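Thanks for taking a look at this one with me.

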Amino acid sequence: MQGGSMNVFLKRNGLVVRQELDTTKHISEQILWIDLFKPTSVEVDYIANTYHLDIPTKEEREEIEQSARYWEDSGSITINTYFLVRTQQNLVNETITFILHKNILFTIRYSELKVFEEIQQIVLASPKIFEDGFDLVSKMFEARVEKDADLLESVAKETRILRKNVFNEELIDYKQMLESLSNLQELNMSVRDSLFDKRRAITAMLRSNKPDSEIKQNLTIVLKDLNSLVEFNTVNMHALDNIQTILTNQINIEQNKTIKLFTVVTVAMMPPTLIGTIYGMNFDHMPETHLEYAYPVVLVIMILSTIFPIVYFKKKGWL
């Protein structure tokens with residue numbers, strides 16, 4: 001498989017420069033960040049051996065246990081956390097690996113992420129803000145949480161529109177609404193999983209003694225934002241559940257109307273059917289069949305016997 005890229009960000013004369021990592025040359029400047037984008041196994045092994053890192057495998061990165069999402073030893077912190085990635089159809093959670101080792105940040109990812117591009121531009125434009133890898137991690141989580149907040153606001157807006165359309169008989173399309181509802185629920189759950197995972201990682205970092213007080217202060221603010229987003233996400237979930245209940249009830253009502261209509265038609269047709277069946281019998285002794293006006297009289301009786309149940313049901317309010 002063809003590798004992606006290994007970008008290294010270096011501190012050089014008070015500035016931060018970006019360059020492709022050359023595995024044949026030794027880097028003398030202070031390394032701030034090494035971003036591995038779609039790395040091959042050879043590239044991962046090179047980074048692991050050169051910097052003495054325990055890089056998680058693909059299987060370890062996808063595990064959901066707390067011990068697999070965050071762990072640290074005397075020299076490093078490893079974080080596996082969800083970042084939302086846009087595919088052709090929707091947004092899905094992909095695990096991004098962050099390794100903090102000797103104040104250097106190592107990131108491993110297999111999808112293009114807008115937040116990474118934005119952070120890279122910020123690092124190059126404002127190098128004084130970033131002293132080490134912890135500053136980068138803090139800023140990345142902050143930027144990602146801001147995007148999650150925008151995403152939740154978009155979901156809430158679409159939810160309100162969907163709720164209004166549920167009560168609009170001219171716009172109602174049950175199949176389309178159920179599809180929209182399902183997509184919003186799926187998106188909301190993906191955002192929730194992402195928020196929970198990042199909250200767990202930040203909480204663990206706050207308990208660590210490796211980040212300094214300023215980093216912990218910034219992460220505490222991000223954690224508060226995460227908690228408020230989790231509450232907002234829960235409100236969205238309840239609103240979507242409420243719409244689902246309303247939509248289900250409306251579908252049941254429409255089905256009941258159809259069943260009621262067929263029931264009324266069936267009941268209304270029973271008397272004329274009975275009359276027609278009686279006079280369709282092939283008996284010799286049916287005196288009324290020989291009367292001059294027997295046929296039109298029976299037709300009138302059949303029509304009246306059909307109209308009477310309909311009038312009765314309408315008077316009772318069943319129609």
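The points that follow go from the sheet to its turns, then to the cores and the helices.

1. A word before you start: this is a predicted model. Please keep that in mind as you read the points below.

2. Begin with the sheet. Seven strands make it up, it is open, and the order across it is E2-E1-E3-E7-E6-E5-E4, with mixed pairing. At the two edges sit E2 and strand E4 (70-72), each of which pairs on one side only. Neighbouring strands are turned by 20 degrees against each other on average, direction ignored.

3. Strand E1 (residues 5-12) and strand E2 (residues 15-20) run antiparallel and are joined by six bridges. If you want a pair to look for, leucine 10 has valine 17 in E2 as its bridge partner. The two strands form a hairpin, with two residues between them.

4. Most residues other than glycine have a negative phi. Asparagine 13, however, has a positive phi of about 55 degrees although it is not a glycine. Asparagine 13 lies in the loop between E1 and E2. Is asparagine 13 buried or exposed? Its relative accessible area is 79%, and because the cut-off for exposed is over 50%, asparagine 13 counts as exposed.

5. E6 and E7 pair in the antiparallel sense over five bridges, with histidine 101 standing opposite isoleucine 104 in E7. Two residues lie between these strands, and lysine 102 in the turn has a positive phi of about 55 degrees. Lysine 102 is not a glycine, and its place is the loop between E6 and E7. With a relative accessibility of 65%, lysine 102 is exposed.

6. Besides its pairing with E6, E7 pairs with E3 in the parallel sense over five bridges.

7. E4 and strand E5 (residues 76-86) run antiparallel, with three bridges joining them. Tyrosine 70 has isoleucine 79 in E5 as its bridge partner. Threonine 78 is also found in E5. Threonine 78 is buried, with a relative accessible area of 3%. Leaving aside neighbours within four places in sequence, threonine 78 is in contact with Pro56, Arg69, Tyr70, Trp71, Thr97, Phe98 and Ile99.

8. In soluble globular proteins, nonpolar side chains tend to be buried together. The largest core here has 44 residues, and Phe98 and Phe116 touch the most other members. Elements giving two or more residues to this core are E3, E5, E6, helix H4 (114-125), helix H5 (133-166), helix H6 (174-207) and helix H7 (213-278). H5 gives the most, with 10 residues. Apart from this core lies another, of 18 residues, among them Leu36, Ala48, Leu53 and Phe106.

9. Which residues are in contact with phenylalanine 98, leaving aside its neighbours within four places in sequence? They are Ile77, Thr78, Ile79, Thr81, Phe83, Leu105, Phe106, Thr107, Phe116, Val137 and Met140.

10. Finally, a pair of helices. H5 and H6 pack with their axes 10 Å apart, at an angle of about 155 degrees. Angles over 145 degrees count as roughly antiparallel, and H5 and H6 are therefore roughly antiparallel to each other. The crossing in which H5 passes H6 is left-handed.

Terms used. Residues numbered from 1 in each chain as written. Predicted model: local features only at pLDDT ≥ 70, side-chain atom pairs only at ≥ 80, totals over all residues. Heavy atoms only, no water. Pairing = 2+ DSSP bridges. Helix = DSSP H or I, 4+ residues; strand = E, 2+ residues; numbered from the N terminus. Axes fitted to C-alpha atoms, helices over the stretch in contact; angles between N-to-C directions. Core = buried A, V, L, I, M, F, W, Y, C linked by side-chain atoms within 4.5 Å. Buried < 20%, exposed > 50% of the residue type's maximum accessible area, 1.4 Å probe, protein only. Contact = heavy atoms within 4.5 Å. Parallel < 35°, antiparallel > 145°, perpendicular 65-115°, else oblique. Left-handed = near helix turned anticlockwise from the far one by under 90°.
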